[in-house]
Amino acid sequence: MSPRSLPGRRAVLRGSLAASAALALPAAVGSAPAFARSGRPEAKWGVQTGDVTRDSGLVWVRSDRPARMIVETSATESFRRPRRLHGPLLGPGTDFTGTTRLHGLPAGEQIHYRVRLSDPDDPRRCGEPVTGTFRTVSARREGVRFVWSGDLAGQGWGINPGFGGYRIFEAMARTDPDFFLFSGDTIYADGPIPATAALPDGSVWRNITTEEKSEVAETLAEFRGTFRYNLLDEHFRRFNAQVPSIVQWDDHEVRNNWYPGQLITDTDGRYTEKSVDVLAARARHAFSEYFPVSTLRPGAREGRVHRVLRQGPLLDVFVLDMRTYRNANSPGDQTVDPQGILGREQLEWLKRGLARSRAVWKVIAADMPIGLIVSDTSEGAQHVEAVAQGDPGAPLGRELQIAELLRFIKHRRITGTVWLTADVHHTSAQHYQPARAAFGDFEPFWEFVSGPLNAGAFPASALDGTFGPERVFVKAPAVANVSPAGGYQFFGEVDIDGGSGELTVRMREQDGTVLYTKRLQPGLVGQ
């Protein structure tokens with residue numbers, strides 16, 4: 001049975017999921033849990049699932065005090081004959097968060113789950129259950145639908161109850177996706193959230209604020225508080241309970257435009273910790289606690305963000321990490337650049353994975369665009385922050401690594417590659433064509449850009465002609481840092497037909513309005 005033919009598979013849960021999402025949050029919303037000896041443990045921050053496969057998925061929760069995580073699963077919402085799993089003890093070592101891996105699940109089925117938190121000293125004392133649902137990946141050729149976007153709570157635009165909070169998540173939920181690809185900038189650790197901000201029409205944007213979001217994050221506690229901040233939004237919590245995620249990171253989980261080995265200059269007086277490597281380690285620690293990522297779980301052998309999630313015969317999602325292994329930002333004029341933006345090991349992993357993939361479509365989930373020029377002036381010079389370095393000629397700098405990858409895809413005749421990204425705070429679609437390019441040893445492909453979810457919107461980035469991009473669609477403001485109240489908040493949708501294998505991309509606005517549609521046919525090396 002196709003996932004689209006399941007009657008109201010999300011709708012039947014709205015009542016219970018809405019109740020779960022609407023649980024009252026702690027009065028001191030930014031603080032760590034109190035060690036209350038009375039009452040029962042509560043999961044006021046909601047639940048979420050991630051990295052779902054044919055027979056498994058990760059369930060996440062956060063407690064308000066030390067507790068044992070217990071997960072029950074069922075084929076029905078009534079939880080008749082539930083299966084029970086005892087998860088980890090939740091305590092201060094993980095900021096009272098934890099994940100439980102559900103395994104042995106049936107493929108292509110709707111799974112209902114509920115999480116209970118029990119007192120570790122008296123297992124009979126349990127809090128109210130918090131419910132969620134997800135669908136395991138089908139082993140058969142069935143349709144797949146997902147949404148993607150990035151950039152949440154950036155440029156000081158946080159949760160504004162008067163605006164409706166992060167209401168874009170309600171629009172995304174209405175598309176009934178199988179999963180959400182969160183394309184980085186999941187937080188803004190370097191972006192404090194003020195109580196108010198003036199809008200161009202003279203009105204005032206009013207944020208929910210917390211202690212941790214009053215300054216840049218430097219300590220582990222501050223990074224944790226930054227991740228907690230977004231969970232104060234009821235739309236986000238409700239979405240998390242309905243739609244599993246595939247999450248990657250970019251720069252703002254740590255600091256704007258960061259790279260390994262970077263030292264923060266004294267011109268940025270906000271930071272007392274000058275080593276970006278130290279900040280990145282703390283951010284990664286908190287990231288692994290607040291998102292259910294299979295390769296970052298305690299005991300996971302890989303210990304990395306990049307991974308592949310196989311979504312049935314029609315789709316493999318290759319999640320990239322364009323931060324951890326990159327070289328230093330520079331003018332990007334090197335004629336030799338073996339490290340590039342991915343690092344050699346990740347590049348070879350990606351090439352092997354694409355060559356071995358038997359999926360009809362291979363989505364390359366990049367946290368930065370390829371042909372859009374993204375600059376870094378934070379160190380007093382004009383450096384390259386992404387891949388494109390502004391010279392439309394032969395590949396230089398990080399472009400050399402992308403050229404190597406594109407050449408590999410062509411010569412191995414790998415079909416169905418589509419690039420998805422966010423990062424630049426506007427939405428656009430680029431078609432890359434060797435006939436227009438300075439470097440022509442590749443087959444045509446598409447790159448789709450979406451976002452922000454709830455952040456400042458910015459004018460469209462210029463294109464670099466090295467790989468021959470043509471921008472066939474764009475929507476962006478004419479001025480920088482337009483607030484969510486001014487519009488220009490976006491997400492994308494990908495819908496793969498189970499019969500024909502046709503892949504349809506829809507670029508959507510904050511309310512779900514479709515701005516642009518592109519249909520791609522399967523089995524072609526380039527199109």
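How many of the 11 residues of helix α3 (residues 220-230) are buried in this structure? The legends below begin with that helix and refer throughout to a predicted model.

**View 1. Helix α3 and the elements that it packs against.** In the predicted model, helix α3 spans residues 220-230 and is mostly covered, with nine of its 11 residues buried. The buried residues are E222, F223, R224, G225, T226, F227, R228, Y229 and N230. These buried residues of α3 pack against strand β2, against helix α4 (234-242) and against helix α5 (276-290). The strand named here, β2, is the subject of the next view.

**View 2. Strand β2 with its antiparallel partners β1 and β5.** Strand β2, made up of residues 57-62, is mostly covered, and six of its six residues are buried. In a regular strand the side chains alternate between the two faces of the sheet. Strand β1 (residues 47-50) runs antiparallel to β2 and is joined to it by four bridges, whereas β2 and strand β5 (residues 97-102) pair in the antiparallel sense over six bridges. L58 takes part in both pairings, being the bridge partner of G50 from β1 and having R101 as its own bridge partner in β5.

**View 3. The hairpin of β1 and β2, with the salt bridge between D51 and R307.** Six residues lie between the two strands of this hairpin, and D51 takes a positive phi near 50° there. The side chain of D51 meets that of R307 in a salt bridge, with an N to O distance of 2.9 Å. The pair links distant parts of the chain, with D51 in the loop between β1 and β2 and R307 in strand β14 (residues 307-310), 256 residues apart. Both members of the pair, R307 and D51, are buried.

**View 4. The salt bridge of R145 and D495, within a network of charged side chains.** In the predicted model, the closest N and O atoms of the salt bridge between R145 and D495 are 3.3 Å apart. R145 belongs to strand β9 (residues 144-149) and D495 to strand β23 (residues 490-496), so this pair ties together parts that are 350 residues apart in sequence. R145 is buried, as is D495. The two residues are also members of a network of salt bridges that links R145, E493, D495, R506 and R508.

**View 5. The salt bridge of E470 and R436.** The closest N and O atoms of this pair are 3.3 Å apart. A search of the whole structure finds 35 salt bridges.

**View 6. An aromatic pair and two charges over tyrosine rings.** The structure holds 28 aromatic pairs. Among them is the pair of F442 and F445, which is edge-to-face, with 5.9 Å centre to centre and 65° between the planes. F442 and F445 are both buried. Elsewhere, the charged end of R255 sits over the ring of Y271, at 5.4 Å from its centre, and K475 lies over the face of Y488, at 5.8 Å from the ring centre.

**View 7. Q346 in helix α6.** Helix α6 comprises residues 344-356 and includes Q346, which counts as buried at 2% relative accessibility. The side chain of Q346 reaches the backbone oxygen of L342 at 2.9 Å. When residues up to four places away in sequence are not counted, Q346 touches H306, L320, D321 and Y325.

**View 8. A198 in strand β11.** Strand β11 consists of residues 196-198 and contains A198, which is exposed, with a relative accessible area of 68%. Leaving aside neighbours within four places in sequence, A198 is in contact with W157 and S203. From A198 to S483 the C-alpha to C-alpha separation is 9.9 Å in space, although the two residues are 285 residues apart in sequence.

Technical notes
Residues numbered from 1 in each chain as written. Predicted model: local features only at pLDDT ≥ 70, side-chain atom pairs only at ≥ 80, totals over all residues. Heavy atoms only, no water. Buried < 20%, exposed > 50% of the residue type's maximum accessible area, 1.4 Å probe, protein only. Polar contact = N/O pair within 3.5 Å; in protein donor to acceptor, adjacent residues only side chain to side chain. Contact = heavy atoms within 4.5 Å. Pairing = 2+ DSSP bridges. Salt bridge = Lys/Arg side-chain N within 4 Å of Asp/Glu carboxyl O. Phe/Tyr/Trp six-rings, centres within 6.5 Å; stacked < 30°, edge-to-face > 60°. Lys NZ or Arg CZ within 6 Å of the ring centre and 35° of its normal.
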